[in-house]
Amino acid sequence: MNAADRDALIASARRIGADPTDYGTVISYETGGTFSPSIRGGSGNRHIGLIQFGIPEQKQYGASQDQSFAEQLPAVERYLVDRGFKPGMGILDLYSTINAGSPGRYNASDAGNGGAPGTVADKVNSQMAGHRAKAAAFLGGDAAMTMPAEAGSASASGRFGFAGIEPSAASAPTMTTPAQTEDKPTDYGALLKLVAGDKGLAALASPQAGAAEPSRMPAPPPRRAIPFDLNAYLARLPR
């Protein structure tokens, strides 16, 4: 694996919004597992390079046998975008664009033009497993993953390994614990001041000048004591 070629493939995949492993898989398939920009194939060995450009496509998109891997990738990108590949499309549409000229042609076949037997769907589903493994090896199992909506943006915060998303090396944010404060007794005076205001609190503390004092009940008159008359009491008793 050449690290520069791996990085070039990942960057190219980001620019067109493709999954790097899907991208590497179809290139491996088209080059017979060599990833060679100079390999020839097809009817009469007229097709060349990473996606087997035909003669018209070689001229239109600027692909040639004397290019390096990284130098030929822009021609692959121009071809794919020009033929309708969109960010977020999967491997079926990616290979359909290469093999059949546009996305969505899953039942098309180039067997009559010297291609391998089978439709686009047949090749993706039953002929590319080994090439997916080659793509994994080419990428070193550490393809930087950018979601389709992020194509062309800054690199993602994590790395995409073939076991899934691997965590970023950046340290996690820390939370600052607020300093503890000493509990203080309740200030009831402050609470009264808050509720009644300054004037109301003064009224509670002392009555206003000139205000009438509350009325008081008059004291009952003293009762006169009457001396006990024993003879009068006895005269009243029944005989």
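**Nonpolar core and surface patch**

The largest nonpolar core comprises 35 residues, of which Leu-9, Tyr-23, Ile-27, Phe-53, Leu-73, Leu-80 and Tyr-95 touch the most other members. At least two residues of this core are supplied by each of helix 1 (3-16), helix 2 (20-30), helix 4 (69-82), helix 5 (91-100), helix 6 (120-126) and helix 7 (129-139). Helix 4 provides the largest share, six residues. The model is predicted.

The chain contains nine helices and five strands. From the N terminus on, its elements follow the order α-α-β-β-α-α-α-α-α-β-β-β-α-α. Of contacts between residues at least 6 apart in sequence, 47% join residues at least 24 apart. Buried residues make up 31% of the 239 in the chain.

A nonpolar patch on the surface is formed by Phe-228, Leu-230, Tyr-233, Leu-234 and Leu-237, whose accessible area together is about 530 Å². Within this patch, Leu-234 belongs to helix 9 (residues 230-236). Leu-234 counts as partly exposed because its relative accessibility is 43%, which lies between the limits of 20% for buried and 50% for exposed residues.

Conventions: Residues are numbered from 1 along each chain as its sequence is written. This is a predicted model: local features need pLDDT of at least 70, side-chain atom pairs count only at pLDDT 80 or more; totals for chains, interfaces and linings use all residues. Side-chain values use heavy atoms; hydrogens and water are left out. Patches are made of residues with over 30% relative accessible area and no salt bridge: like charges are joined within 9 Å, nonpolar side chains (Val, Leu, Ile, Met, Phe, Trp, Tyr) within 5 Å. Accessible areas come from the Shrake-Rupley method with a 1.4 Å probe; for residues, only the protein chains shown count as cover. A salt bridge is a side-chain nitrogen of Lys or Arg within 4 Å of a carboxyl oxygen of Asp or Glu. Helices (H or I, at least four residues) and strands (E, at least two) are DSSP runs, numbered from the N terminus. Buried means under 20% relative accessible area, exposed over 50%, partly exposed in between (1.4 Å probe, protein chains only). A nonpolar core is a set of buried Ala, Val, Leu, Ile, Met, Phe, Trp, Tyr and Cys residues joined through side-chain atoms within 4.5 Å. Contact means heavy atoms within 4.5 Å.
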